[in-house]
Amino acid sequence: MKKIVFLLITFLFLCLLSGCWSYSELNERTIVAGAAIDRLESGEILLTAETIDFTGGESPGAESAILTGKGRSIAEAVYDITNQSGKELYWYHATLLILDNKYAKEGIQELLDFLVNQLEMRLTLTLAVSRLETAAEVLQLDAHGSNIKSFAITSIIQEQSRFGKTVHSNAYQVINRAMEPGVEFALAQIMSDVTEKNLSVDVAGCALFRGDRLVGWLDDKETIMMKLLLNSMEETEIEFLVDESHISVKTDAWKVQVHPEIEGDGATMRIAAEAMYEVLMLDGNQNMNDPDTVAQLDTALGAYVKECALDLIKRLQGLSCDALGWGNMIWQKDPAAYREFLSWTDVFQTIPVELTVTLQNRSSSSGMRVSLG
Amino acid sequence: MYRTISPKIACIVMALFYMANSYILGNDRIAERNAWLCILLSAIAFLPVFFLFYLLIKRFPGKNLFEIVECIFGIGTRRVVACIYAVYGVFLLSMSFNCFARFVSSNVLPDTPKYVMAIAIALCAAYLVYQGAVVMGKWGAFVLPVVALFIMVSLIGSIPSLQIRNLFPIAEDSRKIAFGTYRYLSFPFGEPIILFSLLPWVRGTMKMRHWLIPWFAAALVLSISFARDTMVLGGALSGALTFSTNYADSITGYINFEQRTEVVTSLIPAAAGIMESAVILLFISQAFDAISGKPWIKTGILAGGVVALVLCFTIYGTPSALETRYQIWPLISVPLQVVIPFACLCVASARNGLRRKILARRLKRQIM
């Protein structure tokens, strides 16, 4: 009896070992690499999915295939593609989701809900906003000659984000920021660039959101400043002018400390930024071995960074978009005081900022001049 | 052949019981981002209960809960108490079946119907109980290192994605922390009273450390796991998701690994679930014995298992139904962990004191 029971249980587990109840073969699924979402004039959503085609052709390797579907919601658009292709969409390998700027302006709440609730959707999807006429156009651009454009664009976003020129926002980070009080989010901005052969992908700057709606754009320089103030970047290159001399420096070891101070109905943000720098290139007659010149450069660079940072803050205040998460800092520090603000957005628009920037030259010897001719 | 288990093996079974529950089923996020803190606080708050258990089993070594009740209150009370705990055990078992089946179906084998998983776990658990505590101990000793490895790999894999800033408690959440601590006192599904069912098979004495080590190990695992979820996903998102652990795993890329090795990983939660279900089923069968006064182990296993399976797909049919019952559960569970053992200890101590007084009087009379 014991043996029979043991055998029965063993066979039961053999069934589970396969792990394939209602399984579907690879050729019965459409593997999605990325997708673009557009809002049509009719109000419908157009979902353009870049899928990986293994059927092959003349060239070996995977090819990209574009499938489109329409619907009143994202889910309907997905079903529409499934109906057309006769295959289930497989999202586990998808890396990129590009949003049309018109769609983003209307709000992406529905999309965020869909990402959380749809089991197959990946929370690691990189979200980006297209600056082109439509989001689908991005998937037609050249992306470093790569066959699968979504993968290539995701890599470009990651790389540009490392240099601070854009932001790399995963779906889960966006959802968390959208849910937290006193903080807004930004997504990578995708544009096109004219090259010798054709139009190619250009990732620079970011799209700013308030709530779930797109409210503005930042260029790459502003994005660098934003990332510095967010303390999410350790090094960056800065170009500026001193006495009409063009100077390029590499800054690193950034430490930005943000201290919110709550005073009555308002608050003041005290920010102290410190970094080291080394000169990469200068086209004037400065002698970098002279301590006075170095001190002058320290001051000029600090003033330049401060000016850029204050410009960015003003711009964010103008857009009422607290992408720096200052409201969240105040909420974490003193939730009762945060709740007393009638509207954090209004407070943010006029919040006074005290910013000090200290930059120190790492080594004056790096400022060696290269004499030509 | 040994018919008993050592306190060390009992410890392993307990640890697996708590750890499996806490890691897979501990998804009650009432305190949202501070859930990790609540777990630690509630684990500490439960210490007096373990002291109570320790005193009780020291006074009645080798007896299960119903035998202890019978020794103190008599057969009638034993039957009433057994009825209460039988119902409690069946509800707990059905919740356990549902959660394990849901976990496996929704994360590892998405298209597999839940009832297949639940029935498989029920059959294996029944087999373990039928074979007795020794086989359960062996199963525990085999499975615990695998489960521990599974948990460790997923935690280590998430280190690069950790954002420590997300973890800091927010002052306005103090009420939530207090309420969450109370909710976790029932330690979602980590019901220590159930473990009285193992005691008749334990060779030697169960010391205080044998109760505490598995409990704190499990509390630590759950706390670290929740803290990891909060650091990876962020305070707001981790607090909003049911089974946030699986989402955090998917962020760290562990799920991709899991998909590739689903043959192994689908068995791990199931293996832990089998142990948990077996311990509860053993408790139910002991309750049936206590009601009938006869060794009804087969009937107990069959009836308890079948009713729990039916309840698993009826009253806990939907996640929202399960969520509703999560809210009621601590109200039932916490008193059942404490009230009857406390009453037993108080009455036993009082009787002992009375007996001593009577003996002292008699001795006095004889001397005089």
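This is a predicted model: local features need pLDDT of at least 70, side-chain atom pairs count only at pLDDT 80 or more; totals for chains, interfaces and linings use all residues.

**Surface, cysteines, pocket and buried elements**

Student: Which helix gives the largest share of the nonpolar patch?

Tutor: The patch on the surface is formed by Phe179(B), Tyr182(B), Ile328(B), Leu331(B) and Ile332(B), which together have about 450 Å² of accessible area. Two elements of chain B give two or more residues to the patch, helix H8 (174-185) and helix H16 (319-367). The largest share, three residues, comes from H16(B).

Student: How many disulfides does the structure hold over all chains?

Tutor: A disulfide is a covalent bond between the sulfur atoms of two cysteines. For Cys321(A), the closest cysteine sulfur is that of Cys206(A), at 8.7 Å, which is too far for a bond because the cut-off for a pair is within 2.5 Å. Over all chains, the number of disulfides is zero.

Student: Are Cys321(A) and Cys11(B) buried or exposed?

Tutor: The buried class covers values under 20% relative accessible area. Cys321(A) has a relative accessible area of 0%, and Cys11(B) has a relative accessibility of 12%. Therefore Cys321(A) is buried, and Cys11(B) likewise counts as buried.

Student: How many residues line the largest pocket?

Tutor: About 1,600 Å³ of space lies in the largest pocket. Elements that give two or more residues to its lining include helix H5 (149-162) and strand E12 (245-263) of chain A, together with helix H9 (208-233) of chain B. Nearest the centre of the pocket lie Arg177(A), Leu230(A), Ser232(A), Gln163(B) and Arg165(B), and the number of lining residues is 49.

Student: What distance separates the C-alpha atoms of Asp100(A) and Thr134(A)?

Tutor: Asp100(A) is found in strand E5 (residues 96-100) of chain A. With a relative accessible area of 0%, Asp100(A) is buried. Although Asp100(A) and Thr134(A) are 34 residues apart along the chain, their C-alpha atoms are separated by 5.6 Å.

Student: How many residues of helix H11 of chain B are buried?

Tutor: Helix H11(B) spans residues 244-251 and is mostly covered. Its buried residues are Ser244(B), Thr245(B), Asn246(B), Ala248(B), Asp249(B), Ser250(B) and Ile251(B). Of the eight residues in H11(B), the number buried is seven.

Note on methods
Residues are numbered from 1 along each chain as its sequence is written. Chains are lettered from A and ligands numbered from 1 in the order in which they are written. Side-chain values use heavy atoms; hydrogens and water are left out. Patches are made of residues with over 30% relative accessible area and no salt bridge: like charges are joined within 9 Å, nonpolar side chains (Val, Leu, Ile, Met, Phe, Trp, Tyr) within 5 Å. Accessible areas come from the Shrake-Rupley method with a 1.4 Å probe; for residues, only the protein chains shown count as cover. A salt bridge is a side-chain nitrogen of Lys or Arg within 4 Å of a carboxyl oxygen of Asp or Glu. Helices (H or I, at least four residues) and strands (E, at least two) are DSSP runs, numbered from the N terminus. Buried means under 20% relative accessible area, exposed over 50%, partly exposed in between (1.4 Å probe, protein chains only). On a 1 Å grid over the protein atoms alone, a cavity is a set of points where a 1.4 Å probe fits but cannot get out, and a pocket is an open set with protein on both sides within 12 Å along at least five of seven lines; lining residues have an atom within 4 Å of a point. Grid points are joined across faces, edges and corners, and a volume is the space filled by probe spheres set on the points.
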